[in-house]
Amino acid sequence: MKILETKSLTKYYGKEPNIVKALDGVDISVYDGEFVAVVGTSGSGKSTLLHMLGGLDRPTGGIVTVDGKNIFNLKEEALTIFRRRKIGFVFQSYNLVPVLNVYENIVLPIELDGAKIDRKYIDNIISVLGLEEKLKNLPSQLSGGQQQRVAIARALAAKPSIILADEPTGNLDSKTGMDVLSLMKLTAEKFGQTMVMITHNDEIAQMADRIIRIEDGKILYGGDVQ
């Protein structure tokens, strides 16, 4: 079952003759439970693609369907709510709230949505990610690898349909990065999550179920499995 799909997705900046085609007719499909890596050189369009998949930016043309819904048919407020409930984000810069402790950061998306916290599920995530001893710590009291584990826990907390990770190991040394990625893969499998990860690191990409390569805003290969 397809959980995410794009059709003829474009994102253009500027006007002719100086138009920049960041995405130029992108068609991809991601299936329920898959772990997909999107790779490409700097400026290839991979981060732009991730922002479109997550509804963080609107395309020039084309559609993005997440869990059966064309997200850009939604108005801004409805899109924000949909994104909070259906899409988990893990960024290179962690994006933790500095004045909240680890536990508060993890459950923040659920509280923003006014939903009930599934404590058994949250405790399970915390245990899998090895954060039991750090729940009262502030982000500034954690290493980079620990902060990224908190970000992963936060992304999983609301039980989203899909997790989007933008260079999640980019600020980590190679060993810590591989450890964090192994945990991401483990948690995605354990909790039945679909994950799309942007990376420029081919070694890290090899851990995914499928690799999509993008260059100059076009998909070179891996956009679908037939």
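How many nonpolar, polar and charged residues make up the lining of the largest pocket? The lining divides into 9 nonpolar, 2 polar and 3 charged residues, where Ala, Val, Leu, Ile, Met, Phe, Trp, Tyr, Cys and Pro count as nonpolar, Asp, Glu, Lys and Arg as charged, and the others, Gly among them, as polar. This is a predicted model, in which local features need pLDDT of at least 70 and side-chain atom pairs count only at pLDDT 80 or more, while totals for chains, interfaces and linings use all residues. Residues are numbered from 1 along each chain as its sequence is written, and side-chain values use heavy atoms, with hydrogens and water left out.

**Largest pocket**

- The largest pocket has a volume of about 360 Å³. A pocket is an open set of points on a 1 Å grid over the protein atoms alone, with protein on both sides within 12 Å along at least five of seven lines. Grid points are joined across faces, edges and corners, and a volume is the space filled by probe spheres set on the points.
- Of the 14 residues that line this pocket, Arg84, Ile87, Phe89, Pro109 and Arg154 are the closest to its centre; a lining residue has an atom within 4 Å of a point.
- Two or more lining residues come from each of helix H2 (76–86), strand E6 (87–91), helix H3 (102–112) and helix H5 (144–157). Helices (H or I, at least four residues) and strands (E, at least two) are DSSP runs, numbered from the N terminus.
- E6 gives the largest share of the lining, 4 residues.

**Cavity**

- The structure holds 1 cavity of 30 Å³ or more, a cavity being a set of grid points where a 1.4 Å probe fits but cannot get out.
- The volume of the largest cavity is about 40 Å³.
- Its lining is made up of Val90, Ile152, Ala155, Leu156, Ile163, Met184, Thr187, Ala188 and Met195. H5 and helix H6 (174–190) are the elements that give two or more residues to this lining.
- By class, the cavity lining has 8 nonpolar residues, 1 polar residue and no charged residue.

**Helix H5**

- At 1.5 Å a residue, the 14 residues of H5 should span 20 Å, and the end C-alpha atoms are 20 Å apart, which agrees. The expected span is 1.5 Å times one less than the number of residues.
- H5 is largely enclosed by the rest of the structure, because 12 of its 14 residues are buried. Buried means under 20% relative accessible area, exposed over 50%, and partly exposed in between (1.4 Å probe, protein chains only).
- The buried residues of H5 pack against E6, H3, helix H4 (119–128), strand E7 (162–166) and H6.
- Alanine 153 is found in H5 and counts as buried, at 0% relative accessibility. Not counting residues up to four places away in sequence, alanine 153 touches Ile106, Ile125, Leu129 and Leu131; contact means heavy atoms within 4.5 Å.
- Alanine 153 and isoleucine 126 are 27 residues apart in sequence, with 6.8 Å from C-alpha to C-alpha.

**Methionine 178**

- Methionine 178 is found in H6 and is partly exposed, at 26% relative accessibility.
- Leaving aside neighbours within four places in sequence, methionine 178 is in contact with Glu203, Ile204 and Met207.

**Salt bridges**

- The whole structure has 12 salt bridges, each a side-chain nitrogen of Lys or Arg within 4 Å of a carboxyl oxygen of Asp or Glu.
- One of them joins arginine 210 and glutamate 34 (2.7 Å, N to O). Arginine 210 lies in strand E9 (residues 210–215) and glutamate 34 in the loop between strand E2 (20–31) and strand E3 (35–39), so the pair ties together parts that are 176 residues apart in sequence. Arginine 210 is buried at 7% relative accessible area, and glutamate 34 is buried at 13%.
- Another joins aspartate 113 and arginine 84, whose closest N and O atoms are 3.4 Å apart. Aspartate 113 is in the loop between H3 and H4 and arginine 84 in H2, 29 residues apart. Aspartate 113 is partly exposed at 21% relative accessibility, as is arginine 84 at 27% relative accessible area.
- Aspartate 202 and arginine 213 also form a salt bridge (3.2 Å, N to O). Aspartate 202 is in helix H7 (residues 202–205) and arginine 213 in strand E9, 11 residues apart. Aspartate 202 is partly exposed at 40% relative accessibility, whereas arginine 213 is buried at 19%.
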